[in-house]
There are 2 protein chains.
Amino acid sequence: MTSLPAWRRGIETPNRFGEAVRKARTAAGLTQEELADRSGLDRSYIGGVERGERNPTLSVIEKVAEGLGVTLPELFSYSAKGPRA
Amino acid sequence: MTSLPAWRRGIETPNRFGEAVRKARTAAGLTQEELADRSGLDRSYIGGVERGERNPTLSVIEKVAEGLGVTLPELFSYSAKGPRA
């Protein structure tokens, strides 16, 4: 297993946040490409966020929420909802 | 007015997030110092986050939530609650 960057070790959040983005994106019926366009981000970056490989800043998290058409509380609530699909 | 860093211009989030941290911190009866200790962050950094002067990453946001004893959805919901105090 490749060694995780310091911010990743033992931190569940990037996975949970990635899952929340994926759930919100599919709920909005968007492809990663469409979300990338709407967020002004790169498609491969969106993919990395969803796989829990990125540690986005607050301003990037806001761009993703705007691209999804949800507020930040709504976006993060996707990570709290029910067992993993 | 000093010029704002690129990520700050026109972005409301850092202010709203800073406000959410302040509201959650006061609701938990913590000083900035106590929150800094519990989060493993610097007191001045916490002050900067609350003033909207910081652009924390997801892993730092999680540390703040852990220090406050709340989940990420709960922390962000403080920013959605009611008119500004």
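Axes here are lines fitted to C-alpha atoms, for helices over the stretch in contact, and the angle between two of them runs from 0 to 180 degrees between N-to-C directions. The model described below is predicted. In it, the axes of helix 2 (residues 32-39) of chain B and helix 4 (residues 58-68) of chain B come within 8 Å and cross at roughly 115°. That angle makes helix 2 of chain B roughly perpendicular to helix 4 of chain B, because angles of 65 to 115 degrees count as roughly perpendicular. The crossing of these two helices of chain B is right-handed.

On the side of helix 2 of chain B, the contact is made by Leu35(B), Arg38(B) and Ser39(B); on the side of helix 4 of chain B, by Lys63(B), Val64(B), Gly67(B) and Leu68(B). Sorted by class, this contact of helix 2 with helix 4 of chain B has three nonpolar, two polar and two charged residues.

Chain A has five helices and zero strands, and along the sequence its pattern reads α-α-α-α-α. Of its 85 residues, 49% count as buried. Among contacts in chain A with a separation of 6 or more, 59% come from residues 24 or more positions apart.

A helix crossing in chain A involves helix 2 (residues 32-39) and helix 3 (residues 43-50), whose axes come within 8 Å and cross at roughly 110°. Helix 2 and helix 3 of chain A are therefore roughly perpendicular to each other. Their crossing is right-handed. From helix 2 of chain A, Gln32(A), Glu33(A), Leu35(A) and Ala36(A) take part, and they meet Arg43(A), Ile46(A), Gly47(A) and Glu50(A) of helix 3 of chain A. By class, the contact between helix 2 and helix 3 of chain A has three nonpolar, two polar and three charged residues.

How far is helix 3 of chain A enclosed by the rest of the structure? Six of its eight residues are buried, so helix 3 of chain A is largely enclosed. The buried residues are Tyr45(A), Ile46(A), Gly47(A), Gly48(A), Val49(A) and Glu50(A). Ile46(A), Gly47(A) and Glu50(A) are also among the residues that meet helix 2 of chain A. After helix 3 of chain A comes Gly52(A), with a positive phi near 75°.

Helix 4 (residues 58-68) of chain A is mostly covered, with nine of its eleven residues buried. They are Leu58(A), Ser59(A), Val60(A), Ile61(A), Glu62(A), Val64(A), Ala65(A), Gly67(A) and Leu68(A). Helix 4 of chain A is followed by Gly69(A), whose phi is positive, near 75°.

Gly67(A) lies in helix 4 of chain A. Its relative accessible area is 1%, so Gly67(A) is buried, the cut-off being under 20%. Not counting residues up to four places away in sequence, Gly67(A) touches Leu30(A), Leu35(A), Arg38(A) and Ser39(A). Leu35(A) is also one of the residues of helix 2 of chain A that meet helix 3 of chain A. The C-alpha atoms of Gly67(A) and Ala36(A) are 7.6 Å apart, while the two residues are 31 residues apart in sequence.

Phe76(A) sits in helix 5 (residues 72-80) of chain A. With 1% relative accessibility, Phe76(A) counts as buried. Which residues is Phe76(A) in contact with, leaving aside its neighbours within four places in sequence? They are Phe17(A), Ile61(A), Leu58(B), Leu72(B), Pro73(B) and Phe76(B). Phe76(A) and Ala20(A) are 56 residues apart along the chain, and their C-alpha atoms are separated by 6.5 Å.

In soluble globular proteins, nonpolar side chains tend to be buried together. Here, the largest nonpolar core has 42 residues, and those with the most contacts inside it are Leu75(A) and Leu75(B). Setting aside residues up to four places away in sequence, Leu75(B) touches Phe17(B), Ala20(B), Val21(B), Ala24(B), Ile61(B), Val64(B), Ala65(B), Leu68(B) and Val70(B). Of these, Val64(B) and Leu68(B) also belong to the contact of helix 4 with helix 2 of chain B.

Arg22(B) is partly exposed, with a relative accessible area of 32%. Its C-alpha atom is separated by 9.1 Å from that of Gly47(B), 25 residues apart along the chain.

How values were computed:
Residues are numbered from 1 along each chain as its sequence is written. Chains are lettered from A and ligands numbered from 1 in the order in which they are written. This is a predicted model: local features need pLDDT of at least 70, side-chain atom pairs count only at pLDDT 80 or more; totals for chains, interfaces and linings use all residues. Side-chain values use heavy atoms; hydrogens and water are left out. Helices (H or I, at least four residues) and strands (E, at least two) are DSSP runs, numbered from the N terminus. Angles under 35 degrees count as roughly parallel, over 145 as roughly antiparallel, 65 to 115 as roughly perpendicular and the rest as oblique. A crossing is left-handed if the near helix is turned anticlockwise from the far one by less than a right angle, and right-handed if clockwise. Contact means heavy atoms within 4.5 Å. Ala, Val, Leu, Ile, Met, Phe, Trp, Tyr, Cys and Pro count as nonpolar, Asp, Glu, Lys and Arg as charged, and the others, Gly among them, as polar. A nonpolar core is a set of buried Ala, Val, Leu, Ile, Met, Phe, Trp, Tyr and Cys residues joined through side-chain atoms within 4.5 Å. Buried means under 20% relative accessible area, exposed over 50%, partly exposed in between (1.4 Å probe, protein chains only).
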